[in-house]
Amino acid sequence: MILLQRLEKVLLAVCIVVVVAVAVTPLAWMMLTSLKPSLIAVASPPQILFTPTLEHYIALFSGGDAGSTLGLAFVNSIVVTAVSMLLTIAIACPAAYALSRLRPAGTASLTVFIIGVRMLPPIVLVVPLFRFLQPLGLNDTYLALLVPYVGLSIPLAVWMLIGFFQNLPRELEEAAMIDGCGRLGAFWHVILPLAAPGMAATSIFTGLLAWNDLVFSLPLTTTRAVTMPVIAARMRVEEGVLWGQLGAVSTIMIVPVILLTFFVQRHIVSGIASGAVKG
Amino acid sequence: MFARALVAAAALLALTAGPLAAQTLNLLVSAGGSGRTFESSANQFREQTGINVRVIQYPYAEVREKQLLELVGQTGNIDIVSIDGSIWLPELTPFLKPLDDVNTSNLIPSMVDLFRSDGKLLALPVRIAGWVLIYRKDLLDQAGLTPPKTWAEFRAAATTLTKDGVYGFVPALKQGNYLVVQWIPFLFGHGGAILTPDKKHAAFNTPAGLKATEYFVGLVKDGLVPPGAKAYEQSDIITAMSQGIGAMAITYSPYYLNMNSAKESKVAGKLDIAPFLPYDPDAGLKTGRTLISGWGFGVADSSRHPDEAKQFIQFIAGDSEQKRIAVDNNNAPTSAAVYRDPDYLKAFPAAASVLTALESAEDRPLIENWTEVEDILARELSAAISGLKTPQQALSDAEKAVNAAL
Amino acid sequence: MHSPTTFRPPTAAAGLQRLIPRSDRSLAYTLLAPAILTLLVILLVPLAYNLWLSTYQYNLLRPRQTAFTGLGNYIDILTNPAHLNALWITVAFTAFAVLAQTLIGTALALLLNIDFPGNHLVRTLVLMPMLISEVVAALSWRLIFHTEFGLLNALLGVVGIGPKVWLGEDLSFVSVLVVEIWQHTPFVMLIILAGLQTIPNELIEASRVDGASRWQRFRFVVLPLLVPIILLALVFRTMFTLRVFTPVWVLTSGGPADSTLVIGIDIYRTAFRYYDLGAAAALSIILLVVTLIITLAYMRLLRREALS
């Protein structure tokens with residue numbers, strides 16, 4: 001019996017190692033490439049042991065157009081991501097509350113509508129967006145990116161939050177309303193604080209969309225509103241992919257996300273658990 | 001808190017939405033060697049004139065996409081239009097200001113002709129290179145070979161050189177634009193053509209076209225190319241040659257400099273260029289012909305600074321700037337004088353013979369829906385290379401589809 | 001203008017509350033208005049624009065030759081074997097990808113639901129593929145798949161397996177599929193992991209007391225409770241995989257010989273290489289309809305599950 005338990009532990013450990021290796025290797029390999037001298041970045045056989053160099057990071061921060069844009073792009077990415085997350089929550093929360101608690105006539109069809117519009121392939125939004133934003137002088141501004149990011153995020157956010165609100169006991173807000181809070185007061189003082197983990201979980205998906213998107217950022221920005229994925233895309237040059245510098249950009253892009261995920265991961269899981277899943 | 005965030009966002013938007021600085025010209029270019037070169041020219045231009053040219057680098061496909069959206073929308077965001085030879089010219093023609101009053105006598109005529117449409121000059125060539133045969137001189141010398149002149153010699157050399165982990169020929173065969181471009185020198189070098197002279201019908205499904213395609217596919221089938229070449233993009237040619245697994249490549253001449261750079265290449269110093277591509281004597285050809293392709297700049301008709309834009313284009317196509325970027329940035333010059341310049345010859349000894357080749361060069365046909373033709377050819381060539389169709393079947397199917405598209 | 005006021009401090013909210021209709025119904029519509037309006041403007045207007053566009057012959061390069069064709073674009077697409085082939089490849093690709101993501105995602109969720117030291121870190125690492133942009137992910141895999149210089153063939157070489165052309169005619173479909181599965185399985189895992197947390201411990205304890213084996217506990221207690229959640233993950237993955245573009249574009253561009261030409265690439269080519277916006281709009285409407293049909297089928301299943 002003890003032997004069996006031990007065997008089980010070993011088996012579990014092996015499984016975990018394999019899973020982590022498969023999940024991590026491609027990206028780890030790319031990050032490793034960012035530290036390799038150009039000569040062996042792509043080589044036969046692939047080099048695992050080498051003297052690391054920071055030449056790609058230096059080239060990235062100092063080199064011409066891409067270099068001077070990098071800082072701007074990083075700030076842009078953070079602003080666009082944060083504002084998308086806030087706007088999405090600000091718009092989705094009241095809607096989800098209405099659909100889950102107040103349930104006005106037509107709730108079912110409204111819900112279907114909200115989810116349904118998400119099925120449109122984003123790529124077909126590009127040309128209409130470009131043409132609508134152009135006369136307003138909004139191409140290459142934050143708004144050009146916020147519009148599609150928030151628009152595409154609302155359906156998922158509403159959907160997840162509906163489930164979330166449904167799971168909060170009605171008695172809580174009823175008690176608050178009896179205390180003279182009014183429905184909005186109850187929403188603001190009682191429901192929203194309780195929904196915080198759900199909002200965090202929802203925001204992660206909005207954030208990932210805005211942080212990583214290239215479908216909109218590439219055509220709708222030029223110089224002022226460029227984001228990090230655009231910088232990464234520019235590493236595909238005529239003579240090939242600048243593997244070293246691409247690895248460097250990717251590393252800069254993914255490290256904040258990994259750190260954030262590590263710290264809020266518990267909340268993501270519990271947020272989804274109490275939100276979309278139960279609902 | 002949300003309200004505050006909204007106010008902050010609005011403030012940021014207001015900050016970034018201001019109009020562009022009055023004296024800044026915008027130019028989208030393909031990232032990489034071209035981008036770096038044009039950026040250095042922009043810096044020179046600013047020092048001399050005080051006019052700011054912002055060079056924005058994007059991957060090749062995105063330059064085409066973004067530029068066209070801006071031009072069709074008449075946004076005025078693009079002042080200088082970058083044009084990839086005859087491929088982009090037809091679709092960009094309606095958005096360009098003619099440059100007929102510009103003196104082009106310093107430029108190589110075959111290159112200037114790339115940017116003429118209906119007799120009007122629409123752009124000046126600024127970076128044009130020919131296709132050349134790049135080969136490992138050390139390996140050819142060891143095998144007692146000289147650079148092949150005919151396709152028969154080319155195949156024989158490739159066969160001899162394929163050994164010990166080295167492959168005779170390195171092509172890029174991933175389905176896409178480059179696969180077609182890679183096949184064209186074989187087609188032309190066997191006396192074939194892509195379209196009929198009136199550009200209304202396919203002209204590649206001929207005995208010459210079949211011979212060329214069978215020859216091309218044969219190199220792959222007989223293992224004279226790296227097995228992975230079926231998935232190579234053009235950049236993989238540089239990697240494969242630099243890592244020393246290839247003996248010969250037929251490609252764009254500036255790539256020679258990447259393959260020969262000590263920083264990026266294991267075989268630096270061992271490469272050489274033969275400016276003339278192989279030919280088929282049976283097809284009545286007496287010499288190899290080269291293809292030319294590359295970049296020209298035109299003035300956008302929606303530009304708010306057309307005069308400054310024109311000034312920049314004339315600056316960069318001028319003899320002195322062409323020489324500077326050729327020597328400093330390895331640009332492929334469009335000015336004939338540069339090819340005879342001692343400084344340039346020192347950096348690029350093969351220049352003189354390249355010039356001879358360039359003067360008789362030709363390019364792909366000038367048609368508006370070339371991308372569609374290219375995608376059809378890419379699909380069918382890919383089918384022939386992967387053995388899903390015979391070369392004859394592939395050419396017949398391509399002919400049908402191309403004729404339908406035209 | 002109502003919604004921002006709801007976020008004001010309580011005193012202001014109390015003052016404004018008199019202005020806001022008391023009845024829940026109008027309040028509900030007021031709260032819904034920002035979301036509905038945003039969606040109308042951002043998504044429905046472009047959708048309508050696309051519907052309108054899809055009935056026209058409209059090429060960005062030849063705006064003057066624009067002409068109404070009614071269903072012409074749709075007929076052209078549905079009678080063209082190349083487009084039908086793309087549709088078929090897309091459906092097959094989606095079916096394989098979503099099936100694999102579901103199976104692997106469920107297994108991973110069960111594995112990571114076990115409490116072991118370092119669980120927190122392992123979960124974060126396993127989520128990594130879904131955190132990175134699709135372009136970077138696909139490019140990373142290009143580095144892995146390269147026949148001559150790739151990591152995969154090098155590793156296989158160590159165990160004595162000869163090099164394979166991963167993106168050649170035999171394996172490209174599978175290779176692209178692997179990348180898609182690799183990147184998006186973590187999403188399925190995350191949803192199912194969340195689902196597992198909602199299963200009351202007492203249920204599992206009770207079945208353990210009843211002497212059920214581990215497999216029985218999974219099969220008869222856990223799985224039935226998970227089914228709606230799995231279906232939920234399926235709906236999302238299906239919706240997104242049907243429009244897959246980036247990994248295919250980066251790895252094969254639809255080749256060799258169009259064998260990985262999914263509808264996402266078809267739309268991109270039509271819109272941005274040929275600038276045939278009418279046909280591209282029609283293609284995307286067809287994709288939308290296919291997505292809708294498949295999703296509705298799932299939803300029906302989901303509802304039936306929920307009822308039973």
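These legends describe close-up views of aromatic rings in a predicted model. Local features need pLDDT of at least 70 and side-chain atom pairs pLDDT 80 or more, while totals for chains, interfaces and linings use all residues; side-chain values use heavy atoms, without hydrogens or water. Residues are numbered from 1 along each chain as its sequence is written, with chains lettered from A and ligands numbered from 1 in the order written.

**View 1. An edge-to-face pair, Trp141(C) and Trp182(C).** The whole structure holds 43 aromatic pairs over all chains. Here the ring centres are 5.5 Å apart and the planes stand at 75°, so the pair is edge-to-face. (Rings of Phe, Tyr and Trp, the last by its six-membered ring, pair if their centres lie within 6.5 Å; planes under 30 degrees apart are stacked, over 60 edge-to-face, the rest tilted.) Trp141(C) lies in helix α7 (residues 134–145) of chain C and Trp182(C) in helix α9 (residues 172–197) of chain C, so the pair ties together parts 41 residues apart in sequence. (Helices are DSSP runs of H or I, at least four residues, numbered from the N terminus.) Trp141(C) is buried at 8% relative accessible area. Trp182(C) is buried, at 8%. (Buried means under 20%, exposed over 50%, partly exposed in between, with a 1.4 Å probe and protein chains only.)

**View 2. A stacked pair, Phe236(C) and Phe240(C).** Their centres are 6.4 Å apart and their planes at 20°, so they count as stacked. Both lie in helix α11 (residues 214–241) of chain C, 4 residues apart, about one turn of the helix. Phe236(C) is buried at 8%; Phe240(C) is partly exposed at 24%.

**View 3. Arg234(A) over the face of Tyr58(B).** Arg234(A) lies 4.5 Å from the ring centre. (A charge sits over a ring if NZ of Lys or CZ of Arg is within 6 Å of the ring centre and within 35 degrees of the ring normal.)

Methods: Helices (H or I, at least four residues) and strands (E, at least two) are DSSP runs, numbered from the N terminus.
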